[in-house]
Amino acid sequence: MTTDIAQVRAADVRDRTPHPPPVRRRFGRVLRRGAGRQHHAGPLAYLLLGFAALVSLFPLYWTMVAASTDNTRVSQTPPPFLPGPNLLTNLGTAWRDAAMGRAMVNSLIVAGVIALSTVFFATLAGFAFAKLRFRGRNLLLMLVIGTMLVPPQLGVVPLFMMMADLGWGQSLPSVIFPTLVSAVGVFFMRQYLKEALPDELIEAGRLDGAHSLRIFWSIVLPIARPPMAVLFMITFVHAWNDFFWPFIALDMTNPTVPVALTQLSAGYVRDQSVIMAGALLGTLPLLAMFLVFGRQIVGGIMQGAVKG
């Protein structure tokens with residue numbers, strides 16, 4: 001008897017429960033059917049991406065066109081839009097007149113050391129500001145962010161005097177050491193680690209007896225690899241293209257690539273084709289780096305964007 005009453009009540013409850021309308025049920029089936037399916041872009045998306053790629057590559061193409069012609073042809077109106085026969089000749093002239101071999105080695109040393117040190121120190125400081133508790137943390141963070149408001153031109157004179165007192169004048173250390181870390185990198189890594197690094201992992205490391213440096217090496221660095229790759233590329237490109245401070249700190253006997261390129265426009269008559277050839281030579285190492293490490297960097301960004 002009791003069982004029959006319970007069954008009647010259960011049936012009554014099912015009858016009173018509101019059922020989803022047919023449209024909602026069909027929509028739910030569509031969502032379930034489309035879950036995990038790979039979506040493909042339409043023709044319009046490919047057209048827009050192709051147009052954006054052409055616009056982005058046109059300056060590089062024009063540099064190659066200008067570097068493959070002579071100075072008279074570059075100055076004509078309309079300018080040439082097809083490559084000429086003088087590319088190798090102009091590249092050889094730019095390489096010889098601007099001492100591009102030594103300049104590229106110097107730029108590789110400067111940009112590589114600055115990028116590696118910025119990634120390491122910015123990650124270390126970002127971890128401290130994001131997850132460690134110490135007195136004056138917020139004040140120090142505000143001071144670091146405040147340094148981004150100071151124009152770098154204001155510190156040129158005291159910085160030059162400091163490098164001269166240290167005996168680093170006209171040498172690569174005078175370019176490397178003032179930029180071993182950046183406030184932008186510290187803030188960037190702090191924002192990432194604050195969201196991506198769980199506090200439970202740090203507490204688990206503490207329970208296992210690990211100190212802060214051990215936690216940084218074993219836990220923080222593996223998690224922070226995607227933003228570290230992005231920060232490395234941004235810092236490397238910025239250090240490679242930096243002209244203002246290397247032009248002041250170095251001389252023409254030991255230049256970086258941007259400083260060496262000024263040699264090509266030092267005469268009374270500027271050969272624009274040779275200048276474009278030198279600019280093309282200075283861009284090729286960056287293009288090679290993007291071609292070699294671009295997929296790894298994009299994969300790291302996607303890995304950091306997807307949360308399990």
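## Overall architecture

The protein contains 16 helices and zero strands; both kinds of element are DSSP runs numbered from the N terminus, a helix (H or I) having at least four residues and a strand (E) at least two. This is a predicted model, in which local features need pLDDT of at least 70 and side-chain atom pairs count only at pLDDT 80 or more, while totals for chains, interfaces and linings use all residues. Residues are numbered from 1 along each chain as its sequence is written, and side-chain values use heavy atoms, with hydrogens and water left out.

Of the 308 residues, 31% count as buried, that is, under 20% relative accessible area, whereas exposed means over 50% and partly exposed lies in between (1.4 Å probe, protein chains only). The accessible surface of the protein is about 20,200 Å², and 68% of this area belongs to carbon and sulfur atoms; such areas come from the Shrake-Rupley method with a 1.4 Å probe. Among contacts between residues at least 6 apart in sequence, 73% join residues at least 24 apart, a contact being heavy atoms within 4.5 Å.

## The largest pocket

The largest pocket holds about 1,200 Å³ of space and is lined by 37 residues. The elements that give two or more residues to this lining are H6, H8, helix H10 (183-196), helix H13 (225-241) and helix H14 (244-249). H13 gives the most, with seven residues. Pro178, Thr179, Val181, Ser182 and His238 lie nearest the centre of the pocket. The lining divides into 26 nonpolar, 10 polar and one charged residue; Ala, Val, Leu, Ile, Met, Phe, Trp, Tyr, Cys and Pro count as nonpolar, Asp, Glu, Lys and Arg as charged, and the others, Gly among them, as polar.

A pocket is defined on a 1 Å grid over the protein atoms alone, as an open set of points where a 1.4 Å probe fits, with protein on both sides within 12 Å along at least five of seven lines; lining residues have an atom within 4 Å of a point. The volume is the space filled by probe spheres set on the points, which are joined across faces, edges and corners.

## Buried residues in helices

Serine 117 lies in helix H6 (residues 100-131) and is buried, with a relative accessible area of 10%. A polar atom of the serine 117 side chain lies 2.9 Å from the backbone oxygen of leucine 180. Leaving aside neighbours within four places in sequence, serine 117 is in contact with Ala122 and Leu180.

Valine 186, in helix H10, is buried at 6% relative accessible area. Its C-alpha atom is separated by 6.7 Å from that of threonine 123, 63 residues apart along the chain. With neighbours within four places set aside, the contacts of valine 186 include Ala122, Phe129 and Val144. Methionine 289, in helix H16 (residues 272-305), is likewise buried, at 16% relative accessibility. Beyond four places in sequence, methionine 289 is in contact with Met233, Phe236 and Gly294.

## Loop residues with positive phi

Most residues other than glycine have a negative phi. Alanine 99, in the loop between helix H5 (87-97) and H6, has a positive phi of about 50° and is partly exposed at 38% relative accessibility. Glutamine 170, in the loop between helix H8 (156-165) and helix H9 (173-176), has a positive phi near 60°; its relative accessible area of 34% makes glutamine 170 partly exposed.

How values were computed. Polar contact = N/O pair within 3.5 Å; in protein donor to acceptor, adjacent residues only side chain to side chain.
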